[in-house]
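The sequence and structure are shown first.

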Amino acid sequence: MSEFKSDFLRTMKERGFIHQISDESGLDDLFRKETVTAYIGFDPTAPSLHAGSLIQIMMLHWLQATGHRAISLMGGGTGMVGDPSFKEEARQLMTIDTIEANIASIKRVFSNYLTYGEGPKDALMINNADWLRSINYLEFLRDVGRHFSVNRMLAFDSVKTRLDREQSLSFLEFNYMILQAYDFVELAKRYDCRLQMGGSDQWGNIVNGIDLGHRMGTQQLYALTSPLLTTSSGAKMGKSATGAVWLNADLLSAYDFWQYWRNTEDADVSRFLRLYTTLPMAEIEKLSALAGSEINEVKKILATEVTAILHGRQAAEQAAETARKTFEEGGLAEDLPSVDVPSAELDAGVGLLSLLVRAGLAGSNGEARRHVQGGAVRVNDQSVSDERKLVGSAEVTAEGVIKLSLGKKKHILVRPA
């Protein structure tokens, strides 16, 4: 990979965001000469994006931070089809109402990373439903579809792997790559968008858009993909033992988000500081040189910095303080996540296993039972070995709560309601 002269590509390289670029020198020259508009698409398959999407969001952040214009494209149109890339089976189809509700919910996160507005370098949030839902099918086939070779589409890894496993690929899904390519052309025509970015699994789809643009008379378009990230142990980014690490605060608290990053594996700390924080590289180099017990302090810095961008500095520092009180002082931090249980139920006594499930510390009674048998469960910091135990009003502390713990790092306050 060459030494880049533009601020944006130099930043992308030194922080570890680059997997592939369609034309390195051409794109580098473009970034040096003018304000470049680039986009990343986000499909609204849930009410929130999760931490796996953060690498893409941070790419848009650095695009704007180095003086260029970012487009966050919401897939209100493509979401009706669903991206089949490297999926084993078709996504569940969503109604338009669900798609719109998901987009409205997802949008809340982006303003923490990008500045939106009407200025030449302000970010834009655009919905591809603006052009996709009004397409005339016959005209689209004639004007756009004729530029696609089925032979070439079948050769893409995302399609080939599905077909090699003899898993069905519907005509609906097969159209997704045509729609995504068309998005690139529409954005090029409407907003002079020259670059599409995404994860490395999107390479084929993005190159398709470059080729379609060439055939439909746009200026030269470009592709930049980031590596698909897993943790050092091979776990998928954005997934934790208890489920998805959501970005929306109503689905995952700032404290739980902070904890996810605090639990980063040692081997990932330096890489994650570069990818997910805005700390200067010189500071990251110093922090990356620390080892032994000091790496735990670096993990706290990582967790606080990542959480501060998403939830605000105050919420991040509060999460760090809650963790400190809970783990280092052994105290009861009122800011721990909580679950309300009706007082009448507590008066009668609630089964420990069902309470663990209710609190989100276990996915089922069977899993909760295994935790109890393994000695991982505590009530008010006292280890519990009886899986038939009833938890009730007698356990409510002077602070008016019951502290339910799984292992050393997961704590929930049960509050009488």
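**Helix packing around H15**

The model is predicted. Helix H15 spans residues 294–311, and its axis comes within 8 Å of that of helix H12, residues 254–262, with a crossing of roughly 140 degrees. H12 and H15 are therefore oblique to each other, and H12 passes H15 in a right-handed crossing. On the H12 side, the contact is formed by Ala254, Phe257, Trp258, Trp261 and Arg262. H15 contributes Asn296, Lys299, Lys300, Leu302, Ala303, Thr304, Val306, Thr307, Leu310 and His311. Sorted by class, this contact of H12 with H15 holds eight nonpolar, four polar and three charged residues.

H12 itself is mostly covered, with eight of its nine residues buried. The buried residues of H12 are Ala254, Tyr255, Phe257, Trp258, Gln259, Tyr260, Trp261 and Arg262.

Helix H13, residues 269–276, also packs with H15, at an angle of about 20 degrees and with the axes 10 Å apart. Because angles under 35 degrees count as roughly parallel, H13 is roughly parallel to H15. H13 passes H15 in a left-handed crossing. Here Val269, Phe272, Leu273 and Tyr276 of H13 meet Ile295, Val298, Lys299, Leu302, Val306 and Ile309 of H15. The residues of this contact of H13 with H15 divide into nine nonpolar, no polar and one charged.

In soluble globular proteins, nonpolar side chains tend to be buried together. The largest nonpolar core of this model has 70 residues, and the members touching the most others are Phe8, Trp261 and Tyr276. Helix H3, residues 54–65, supplies the largest share of this core, namely eight residues. Trp261 also belongs to the H12 side of the contact with H15, while Tyr276 lies on the H13 side of the contact with H15.

Apart from neighbours within four places in sequence, Phe8 is in contact with Phe31, Met59, Trp62, Leu63, Thr66, His68, Leu195, Met197 and Leu224. A second, separate core comprises 31 residues, including Phe140, Cys193, Ile206 and Ile210.

| Residue | Relative accessible area |
|---|---|
| Asp183 | 3% |
| Ser226 | 1% |
| Ala316 | 0% |

Asp183 is placed in helix H10, residues 176–191. Asp183 and Gly217 are 34 residues apart along the chain, and their C-alpha atoms are separated by 14 Å.

Ser226 belongs to strand E6, residues 222–226. Residues up to four places away in sequence aside, Ser226 touches Phe17, His19, Ile55, Gln56, Met59, Gly198, Gly199 and Ser200. Met59 is also a contact of Phe8.

Ala316 sits in helix H16, residues 313–328. Leaving out neighbours within four places in sequence, Ala316 is in contact with Trp258, Thr304, Thr307 and Ala308. Of these, Trp258 of H12 and Thr304 and Thr307 of H15 also take part in the contact of H12 with H15. The C-alpha atoms of Ala316 and Ala291, 25 residues apart along the chain, are separated by 24 Å.

Definitions and conventions. Residues are numbered from 1 along each chain as its sequence is written. This is a predicted model: local features need pLDDT of at least 70, side-chain atom pairs count only at pLDDT 80 or more; totals for chains, interfaces and linings use all residues. Side-chain values use heavy atoms; hydrogens and water are left out. Axes are lines fitted to C-alpha atoms, for helices over the stretch in contact, and angles run from 0 to 180 degrees between N-to-C directions. Helices (H or I, at least four residues) and strands (E, at least two) are DSSP runs, numbered from the N terminus. Angles under 35 degrees count as roughly parallel, over 145 as roughly antiparallel, 65 to 115 as roughly perpendicular and the rest as oblique. A crossing is left-handed if the near helix is turned anticlockwise from the far one by less than a right angle, and right-handed if clockwise. Contact means heavy atoms within 4.5 Å. Ala, Val, Leu, Ile, Met, Phe, Trp, Tyr, Cys and Pro count as nonpolar, Asp, Glu, Lys and Arg as charged, and the others, Gly among them, as polar. A nonpolar core is a set of buried Ala, Val, Leu, Ile, Met, Phe, Trp, Tyr and Cys residues joined through side-chain atoms within 4.5 Å. Buried means under 20% relative accessible area, exposed over 50%, partly exposed in between (1.4 Å probe, protein chains only).
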